[in-house]
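Me: I've got a model open and want to check what the labels on it rest on. Can we go through them one at a time?
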Amino acid sequence: MTTEAAAAAPAAQTSTRSIRIWDWPVRLVHWSIVALIAGMYLTAENSEWGWHMRLGHVLLALLIFRVIWGFVGTETARFGSFVKGPGAVLGYLRGAYDYRRNKGHSPLAALSVLALLGLMFAQVGMGLFAGDPYDGATGPLNPLVGVMTADTITETHEWFYWVIFAFIALHITAVGVIGAMQATNLIGPMIGGTGEKAVEVEANQPTPWGRALGALAVSAGIAFWVYLGAPPLT
Amino acid sequence: MTGKTSFRLIAITPAIALLAACGGEAGDSATQPAGDPPAEIEQRHDNFEEIGDSFKAIRAQLESGDPDMAVIQASATDIHERAGRLDGYFPEGSGRDAGWDTEALATIWEQPEEFEAAKAKLLEESEMMMTVAADGDAAAIGEQAKALGGACKNCHDTFRLDDD
């Protein structure tokens, strides 16, 4: 493994310091989603549909927030700063990415972010249309689709969580394997917000709370509007 | 962060998280009582699923704007025939209170007269659906679909685990 040795050797010699990497909203959203995914699974398993739907709308609000924050958040939160082309991903896979000299999502991690956000959006979106008005709970947008469409959506919603669980397992495994291979603490910064980086790496901006609250108000407003059945659509 | 300890910690934390997640799944069945669940639980579940599918087939035809009366008639007959099977599907001790994985509430056995009335209502409304389906008047079928759906909901509200 020559690429590993080449990447590890200069890292060991680099002088580092602790800098801000992840802002508060990114971390709060990340760990809230962890808790909400567990909650969504448990409420579904126990037929607690009222709570399943309430938590689902909180998740919807967080997903919308994360997308907005991907445009107005701090540097490491912005899609524009971390979503790279296939060239950068190939470069990463060849070992050209140095964790000590870069902060935020790697080009490969960016794909993981997009995949997880996309899959969760799909699953929450299906839940909004799921159910049958004569047979228990229905998502708030159920009246917008026909009975057979709703049936297909409901059945897909019922197995699709395995796809999300598979990607979560891949995400956790990747964090463990890459963290170990690079001897980099990937988990600590997602909790505390700071991590060791080479001295020349600039710290991420502090959390702009005003903008965060604005984005939260917009995303919570949209999610609540959907919860009410997206009037006047239904 | 230096030293082998933190290195190992980084590597092992996600592995533990994964194991914990898998372990949680295995624990689910521990809440059920010993022995096989009564066969009626699965039988009635499948029977209700089929009733639901037939009812959806009727509503899908109504939504289409050009309903296929043959499909509606066959579905109405299927629902009525399956409604007649419910009597044998609820033996004592096959409810949620007995610990089984079912949404059948104890009220089924606590209020037997009301439960009988709810079953009779389903038989009655499904028979009426057969009658209006034979006439082939889409508007009347649409009205009867609401009544039939009401018979489903009526029973779910009282005798099936609350949905919200």
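Me: To start, what percentage of the 234 residues in chain A is made up of buried residues?

Reply: Buried residues make up 31% of them. A residue counts as buried if 20 or more other C-beta atoms lie within 10 Å of its own, as exposed if 12 or fewer do, and as partly exposed in between, with C-beta atoms placed from the backbone. Bear in mind that this is a predicted model, where local features need pLDDT of at least 70, side-chain atom pairs count only at pLDDT 80 or more, and totals for chains, interfaces and linings use all residues. Residues are numbered from 1 along each chain as its sequence is written, while chains are lettered from A and ligands numbered from 1 in the order in which they are written.

Me: What makes up chain A, in helices and strands?

Reply: There are 9 helices and 2 strands in chain A. From the N terminus on, the order is α-β-α-α-α-α-α-α-α-β-α. The C-alpha trace of chain A spans about 65 × 40 × 30 Å along its principal axes.

Me: Why is Arg59(B) called buried?

Reply: Arg59(B) has 25 other C-beta atoms within 10 Å, and the cut-off is 20 or more, so it is buried. Its place is in helix α2 of chain B. Not counting residues up to four places away in sequence, Arg59(B) touches Val147(A) and Ala145(B). Contact here means that the C-beta atoms, placed from the backbone, lie within 7 Å.

Me: Why is Ser47(A) called partly exposed?

Reply: Ser47(A) has 17 C-beta neighbours inside 10 Å, which falls between 12 and 20, so it is partly exposed. Ser47(A) sits in the loop between α2 and α3 of chain A. Its phi is positive, about 55 degrees, although it is not a glycine.

Me: What about Ala183(A): why does it count as partly exposed?

Reply: With 19 C-beta neighbours inside 10 Å, Ala183(A) counts as partly exposed, because buried needs 20 or more. Ala183(A) lies in the loop between α7 and α8 (187-192) of chain A. Here too the residue is not a glycine, and its phi is positive at about 50 degrees.

Me: What makes a set of residues a nonpolar core, and how many residues has the largest one?

Reply: The residues must be buried Ala, Val, Leu, Ile, Met, Phe, Trp, Tyr or Cys, joined through C-beta atoms within 7 Å. The largest such core has 27 residues, and those with the most contacts inside it include Leu59(A), Leu60(A) and Phe65(A). Its largest share, 9 residues, comes from α3(A). Leaving aside neighbours within four places in sequence, Leu60(A) is in contact with Val124(A), Ala223(A) and Val226(A). Apart from this core lies another of 24 residues, among them Ala57(B) and Ala145(B).

Me: How confident is the predictor in chain B, and what is its mean pLDDT?

Reply: The mean pLDDT of chain B is 87, and 80% of its residues reach 70 or more. That score is the predictor's confidence in each residue, from 0 to 100. For the complex, the predictor gives an ipTM of 0.74 and a pTM of 0.84.

How values were computed: Helices (H or I, at least four residues) and strands (E, at least two) are DSSP runs, numbered from the N terminus. Two residues are in contact if their C-beta atoms, placed from the backbone, lie within 7 Å.
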